[in-house]
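Q: I have a two-chain model open and would like to go through it with you. Could we start with how the parts are laid out?

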Amino acid sequence: MGEEKEIEILSMGTRIAHTLQLIFFTLLVLTGLVFLSIELFAWVVYPIGVPLAPMVGLSQETGAVTIGVEVARAIHRFTGPLWGALLIVYGIYLVVTRKILAFEPLKKPIKQQIREAIALLNHYVLGKPLPKDVEENLERHNVLVSYLTIVLIVAFILVGGSGAAMIYLNLTPDQHRIMLLLHDIGFYLSILFTLAHIFAVAHPANITILKAMFTNGRVALKWAEKHMPRYIRSRAVRGEIETPGE
Amino acid sequence: MVKMEFPSKDSGIAVLVNIDSCIGCRACQVACQTWNGRAPPQTSFSPTFTNPQGLMANAWKVVMFHEITREKVISFEGAAIRITDAVEMVPIPYNCLHCAAAPCARACPVGAIKVSPEGAVVIEASECIGCGYCADACPYDVPKRGSDGKYYKCTFCVDRIQNGKAPACVEVCPANVFTFTSMENAVKMAREMEASGKKVYGLDVDSYVGGRVRWIFALSSDKASKVFPKQFPEKAVVQTESLREALKSISIPGLGIISAAVFALGVVAWRMDRIRRIRGSKKSGKGSGGNGKGGGGGR
């Protein structure tokens with residue numbers, strides 16, 4: 001059995017950035033959920049608060065959640081700006097090095113985008129095979145990823161901008177109220193993105209990318225030719241990989 | 001936004017404030033300060049009698065002096081003659097209104113704001129984490145941040161009322177401005193005042209605060225038309241907070257349903273993929289590799 005040819009589709013930098021995003025985002029979601037809905041998420045902070053409550057003179061019965069939430073708040077306010085800084089640095093890096101590929105499908109005519117989106121939804125949700133023309137024109141990311149990326153950017157701007165304003169600016173009560181509302185809206189959007197993202201990466205069609213993200217960033221060339229043919233062709237044209245099918 | 005059980009708006013206690021009787025002596029303000037052991041706040045000169053200028057972490061009750069002008073008219077030979085516009089002071093002893101369904105208590109993420117069976121809304125300072133969500137949620141601008149980072153406000157003298165006493169401010173008033181009674185009685189008296197031509201604030205307010213507050217204010221309608229709009233919000237609602245609550249009530253179950261749907265779709269997708277691979281391997285007579293999945297484009 002000969003060794004299968006592989007190509008790198010996720011660089012080391014991308015994988016590190018993604019892992020950091022994953023850690024920061026999870027931390028922020030967990031600590032933020034506590035504030036959004038303590039009645040459902042008190043269990044997140046309760047184990048943290050149990051040993052700490054007696055140390056500050058509160059009973060474990062009533063103080064555990066209070067102290068736990070206080071710790072969660074501190075983590076949220078510390079992690080948020082760090083995550084924001086990471087996003088800004090990573091965003092600048094992607095723009096400067098022109099490595100943003102998520103919007104490539106948006107260069108296609110709108111009719112073609114809609115056709116691709118419907119075909120992909122039918123494929124993911126109903127298991128229908130992709131039409132030939134759609135399959136042959138898939139980029140590194142598909143059009144659904146482009147749309148979801150827009151949702152994510154809007155969510156991050158809302159959640160990051162309002163969060164930074166609440167921490168660093170001396171807001172009036174009315175301004176603070178608006179920021180809190182925007183923070184919530186941004187959070188809901190980011191969760192919608194996350195659910196769609198998890199569904200997509202855990203789908204059998206994409207599980208190869210998930211494995212690549214958490215290993216060496218490489219996938220089989222054959223698989224890539226089938227799932228992102230246009231991207232592979234463009235890389236072949238640039239001479240980064242051997243001509244597809246070779 | 002915590003789900004809380006509030007006492008019914010028709011039960012518990014209330015205070016009816018007959019502002020027309022208030023002489024603006026500020027005895028209530030001082031009594032509140034003294035009973036609750038609050039340090040005197042730093043005051044400053046200002047063009048009004050109100051001092052301090054509003055509620056503070058150490059000033060849970062402040063008499064707000066409103067200046068209004070009223071025509072002074074005399075009757076002469078059957079005709080009304082306007083003499084002058086006279087300035088009048090209308091003092092309003094102001095503190096937390098103890099909403100029937102306190103939005104501050106709903107907003108507190110650690111449940112530090114307790115509602116007593118009598119309806120007193122109390123911040124438990126030892127549990128407060130200083131997030132300020134209560135202040136954001138309050139349409140009456142009541143909770144204030146103290147120098148220790150925690151939020152403070154009137155407690156309805158819960159320690160007194162649970163021991164059969166009236167709140168300190170009520171007890172000390174020399175003009176009997178306050179009637180401390182059951183909510184049922186206070187509503188009855190307020191309705192009677194309303195029927196006699198006075199304006200009443202606090203009986204039929206927005207559902208955001210539970211439709212009613214436990215400090216009900218009555219004032220002659222000619223003064224009230226000028227003073228109430230300055231003292232009380234037109235709508236006792238914080239729109240952004242109300243929207244947050246509405247969003248939450250939709251989003252939390254909505255996201256739960258979407259998560260379940262995503263999980264179910266994922267399971268179906270894997271099941272279908274497995275069936276397809278088994279069929280494919282039967283056709284070709286040998287097992288297919290791990291990369292035999294359907295197309296779909298990069299994530």
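A: In chain B, the centres of domain 1 and domain 2, taken over C-alpha atoms, are separated by 52 Å. Before going further, please note that this is a predicted model, in which local features need pLDDT of at least 70, side-chain atom pairs count only at pLDDT 80 or more, and totals for chains, interfaces and linings use all residues. Residues are numbered from 1 along each chain as its sequence is written, while chains are lettered from A and ligands numbered from 1 in the order in which they are written.

Q: Where do the two domains of chain B run?

A: Domain 1 covers 13–236 and domain 2 covers 238–287 of chain B, with bounds that come from an automatic or database domain assignment.

Q: And is chain B compact or spread out?

A: Chain B is more spread out than a compact globule, because its radius of gyration is 29 Å, well over the 19 Å that the globule rule gives for 299 residues; the radius is taken over C-alpha atoms, and the rule is 2.2 Å times the number of residues to the power 0.38. Along its principal axes, the C-alpha trace of chain B spans about 115 × 50 × 40 Å, and the secondary structure of the chain comes to 8 helices and 10 strands, where helices (H or I, at least four residues) and strands (E, at least two) are DSSP runs numbered from the N terminus.

Q: What pLDDT does chain B average?

A: Chain B averages a pLDDT of 90, and 94% of its residues score at least 70, pLDDT being the predictor's confidence in each residue, from 0 to 100. Over residues 287–294 of chain B, however, the pLDDT is below 50, and this stretch has 15 contacts in the model beyond near neighbours in sequence, a contact being two residues whose C-beta atoms, placed from the backbone, lie within 7 Å. For the complex, the predictor gives an ipTM of 0.84 and a pTM of 0.86.

Q: Turning to the interface, how many residues of chain B are in contact with chain A?

A: On the chain B side there are 40 residues, in contact with 53 residues of chain A. Both α3 (133–137) and α8 (239–284) of chain B supply at least two residues each to the side that touches chain A, and α8(B) gives the most, with 18 residues.

Q: What is that side of chain B made of, by class?

A: The side of chain B that touches chain A has 19 nonpolar, 12 polar and 9 charged residues, where Ala, Val, Leu, Ile, Met, Phe, Trp, Tyr, Cys and Pro count as nonpolar, Asp, Glu, Lys and Arg as charged, and the others, Gly among them, as polar.

Q: Which residues touch the most other members of the largest nonpolar core?

A: Of the 88 residues in that core, B:Val17, B:Cys104, B:Ile113, B:Val121, B:Ile216 and B:Phe217 touch the most other members. A nonpolar core here is a set of buried Ala, Val, Leu, Ile, Met, Phe, Trp, Tyr and Cys residues joined through C-beta atoms within 7 Å, and a residue is buried if 20 or more other C-beta atoms lie within 10 Å of its own, exposed if 12 or fewer, and partly exposed in between, with C-beta atoms placed from the backbone. A second, separate core of 11 residues includes A:Ala119, A:Leu120, A:Val134 and A:Val143.

Q: What does B:Val121 contact?

A: Leaving aside neighbours within four places in sequence, the contacts of B:Val121 include B:Cys96, B:His98, B:Cys99 and B:Cys104.

Q: Is B:Cys157 buried or exposed?

A: B:Cys157 counts as buried, with 24 C-beta neighbours inside 10 Å, whereas B:Asp141 is partly exposed, with 13 other C-beta atoms within 10 Å.

Q: Last topic: how many helices and strands does chain A have?

A: Chain A has 10 helices and 2 strands, and buried residues make up 32% of its 246 residues. The C-alpha trace of chain A spans about 70 × 45 × 40 Å along its principal axes.
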